[in-house]
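Colleague: Could you walk me through how to read a few features of this model? I'd like the general idea each time, then the case at hand.

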Amino acid sequence: MLHVAAVSVIVTTAWYPWRDFLKQRFGGQGGPQLTADFVRLRYLGCFQHPSQPLLLSLPMTCMVAPSASTTVPGPLVVGAAFFGLSKSFVREFARHMSSSRNFHGDVQYRTSWECLRSVTVSQGAGAWTRGCASMAVYGLVWHGLTIRWCFDPPRRAWEGIQRSDPHPDRHSAFNTFGRVAMVHAALGVATTPFRSAFRAVSHDHRAFHHIASAQITDIPRYEFHMLRDVAGHLLRAVRDGRGVALFQGAGKAVVLASPPFAALTTAILLR
């Protein structure tokens, strides 16, 4: 677990400044602020505030760590469950902290602890888990199946074909990285419609008002409503001939997500 967390933090610190740059560059958000110093300032922020890469690396650590351990039963399901919970927590925490100014411009949350305490008291502990079941589903299919391929016979069978390589050690890391990235990218494209529907539903305020409170006991019911809305969104899109539109952004998602995932998995496999 510790070595997975360490590698995940290193990969996150190395990649996320470039990830933010690419998101703004290809997301149509470029402008005067997108200068040559953008990446340098992002790196500086990671080192000045190490809690940022620690928090950002948490979901992937939770996803990969059970599969890297031989003592965890049902590692993919366990990893997906913790991935969903941690991903939803990170998303909600980032949203509250980034919008922590009221209409007077005053800072609402001056510390992380203040944010955690205030939101939990006002909205309930379930506020941090919104959408965790949907995130666990696409995490299982996207990241989980890639991990299964990495650690199970399909990967070993493919690697067996490569044994004719006269210099296997020289190319093992690069080849493993390329194969993992390719499988992860393919599954990323396949899961794009579900993730697009989830984003659309999560941005719809009606999806967050099926339940009056967000107490822990309400989480299963809330997650059921969320999954039902995601499925409904997908079915309506296919019925109305908008199925292809759900794949919009697939290329960007693959470019942003597959390289760090492949780097993390390769480092663990070749450890």
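**Reading a helical model**

Modeller: Happy to. Let's start at Ser 258, which sits in helix H11 (residues 250-269). Helices here are DSSP runs of H or I with at least four residues, strands are E runs of at least two, and both are numbered from the N terminus. This is a predicted model, where local features need pLDDT of at least 70, side-chain atom pairs count only at pLDDT 80 or more, and totals for chains, interfaces and linings use all residues. Residues are numbered from 1 along each chain as its sequence is written, and side-chain values use heavy atoms, with hydrogens and water left out.

Colleague: Is Ser 258 buried or exposed?

Modeller: Buried means under 20% relative accessible area, exposed over 50%, and partly exposed in between (1.4 Å probe, protein chains only). Ser 258 counts as buried because its relative accessibility is 3%. By contrast, Asn 175 in helix H8 (residues 168-190) is partly exposed at 24%. Across the 271 residues of the protein, 41% count as buried.

Colleague: Which side chain makes a polar contact with that of Ser 258?

Modeller: A polar contact is a pair of N or O atoms within 3.5 Å; within protein, one must be able to donate a hydrogen and the other to accept it, and residues adjacent in sequence count only if both atoms are side-chain atoms. Here the partner is His 184, at 2.9 Å. With contact meaning heavy atoms within 4.5 Å, and neighbours within four places in sequence left aside, Ser 258 touches Ala 181, His 184, Ala 185 and Ala 253.

Colleague: And how do I read a helix pair?

Modeller: Two packed helices are described by the angle between their axes and the distance between the axes. The axes are lines fitted to C-alpha atoms, for helices over the stretch in contact, with angles from 0 to 180 degrees between N-to-C directions. Helix H9 (residues 192-203) and helix H10 (residues 219-239) have axes that come within 9 Å and cross at roughly 115°. Their contact involves residues including Phe 194 and Phe 198 of H9 and Leu 227 and Val 230 of H10.

Colleague: How many helices and strands does the protein have?

Modeller: The protein has 11 helices and 0 strands. Among contacts between residues at least 6 apart in sequence, 72% join residues at least 24 apart. For one separation along the chain, take Asn 175 and Thr 266: they are 91 residues apart, with their C-alpha atoms separated by 9.4 Å.
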